[in-house]
Amino acid sequence: PPGLDIVDVVVARPGALADRLQGSAWQIALPGVTVEHARSAVDGFLAADEILIERMMKRGLRTLDCRAAVLRLTARSDDDSPGPCAILDVVVRHDTPSIRPDDVLAGLRSSGGLELEQTPIATRLAQGPLDTDEGTVGDPLAFDRDAP
């Protein structure tokens with residue numbers, strides 16, 4: 001039919017897709033936060049060996065180390081925003097339990113003094129296998145596409 005592209009079908013190799021989802025890349029917009037303030041908080045976060053946060057779980061309050069799961073964390077400015085708005089680029093390792101963007105923000109508050117007056121906006125950009133050397137997330141389906 002017109003307007004419909006034909007796409008090659010890729011047969012999945014054996015194994016669960018969930019096993020390939022080792023990490024996630026996130027972008028977290030911080031409206032009302034200057035990039036200087038965000039960078040200062042990021043520096044404090046990255047300088048720490050361990051950052052303990054608390055999260056309510058089904059079986060009660062649990063203490064988690066959010067620093068261990070963060071492979072990459074940078075702050076930049078959102079040039080398209082009418083006011084101050086820092087953007088955090090974060091890559092986290094999927095552990096059990098997984099560290100979420102709100103956990104990273106809690107860690108930034110406790111270790112770097114990040115103060116938020118407006119609601120942050122988290123967007124997951126990618127989810128897949130981790131390249132721990134580069135701190136990046138790959139394509140979970142590349143394994144299947146590269147098959148002979």
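**Reading a predicted fold, feature by feature**

The protein chain holds 4 helices and 8 strands, where helices (H or I, at least four residues) and strands (E, at least two) are DSSP runs numbered from the N terminus. This is a predicted model, in which local features need pLDDT of at least 70 and side-chain atom pairs count only at pLDDT 80 or more, while totals for chains, interfaces and linings use all residues. Residues are numbered from 1 along each chain as its sequence is written, and side-chain values use heavy atoms, leaving out hydrogens and water.

Q: Where is confidence lowest and where is it highest in the protein chain?
A: Start with the scale: pLDDT is the predictor's confidence in each residue, from 0 to 100. Here the chain averages 87, and 85% of the residues score at least 70. The lowest mean, 68, belongs to α4, and the highest, 96, to helix α1 (residues 35–47).

Q: Which residues of α1 are buried?
A: The general idea comes from helix geometry. An α-helix has 3.6 residues a turn, so residues three or four places apart point the same way. In α1 the buried residues are Val 35, Ala 38, Ala 41, Val 42 and Phe 45. Seen down the axis of α1, these buried residues fall within an arc of 125° (taken from the directions from the helix axis to the C-beta atoms), so they line one face of the helix. On the other side of α1, Glu 36, Asp 43 and Ala 47 are exposed. The cover over the buried residues of α1 includes β1 (23–31), α2 (66–69), β4 (70–77), β5 (85–93) and α3 (101–112).

Q: What span do the helices α1 and α3 have?
A: The expected span of a helix is 1.5 Å times one less than its number of residues. With 13 residues, α1 reaches 18 Å from its first C-alpha to its last, close to the 18 Å expected. The 12 residues of α3 should span 16 Å, and its end C-alpha atoms are 15 Å apart, which agrees. Buried residues of α3 include Asp 103, Val 104 and Leu 105.

Q: What does the side chain of Arg 55 reach?
A: A polar contact is a pair of N or O atoms within 3.5 Å; within protein, one must be able to donate a hydrogen and the other to accept it, and residues adjacent in sequence count only if both atoms are side-chain atoms. Arg 55 sits in strand β2 (residues 52–57) and is buried, with a relative accessible area of 9%. Its side chain reaches the backbone oxygen of Ser 98 at 2.6 Å and makes a polar contact with the side chain of Asp 103 (2.4 Å). Arg 55 also touches other residues, including Leu 61, Leu 64 and Pro 97.

Q: Is Arg 76 buried, exposed or partly exposed?
A: Arg 76, in strand β4, counts as partly exposed at 33% relative accessibility. The side chain of Arg 76 makes polar contacts with the side chains of Gln 27 (3.1 Å) and Asp 89 (2.7 Å). Arg 39 is among the residues that Arg 76 touches; their C-alpha atoms, 37 residues apart along the chain, are separated by 7.8 Å.

Q: Where is there a cis peptide bond, and which residue has a positive phi?
A: Most residues other than glycine have a negative phi, and most peptide bonds are trans. A cis peptide bond joins Thr 96 and Pro 97, with omega about -5°, and Pro 97 lies in the loop between β5 and α3. After α3 comes Gly 113, whose phi is positive, near 70°.

Q: How many disulfides does the whole structure have?
A: A disulfide is a pair of cysteine sulfur atoms within 2.5 Å. The search of the whole structure finds 0. Cys 66 is buried at 0% relative accessible area, and Cys 85 is buried at 9%.

Notes. Buried means under 20% relative accessible area, exposed over 50%, partly exposed in between (1.4 Å probe, protein chains only). Contact means heavy atoms within 4.5 Å.
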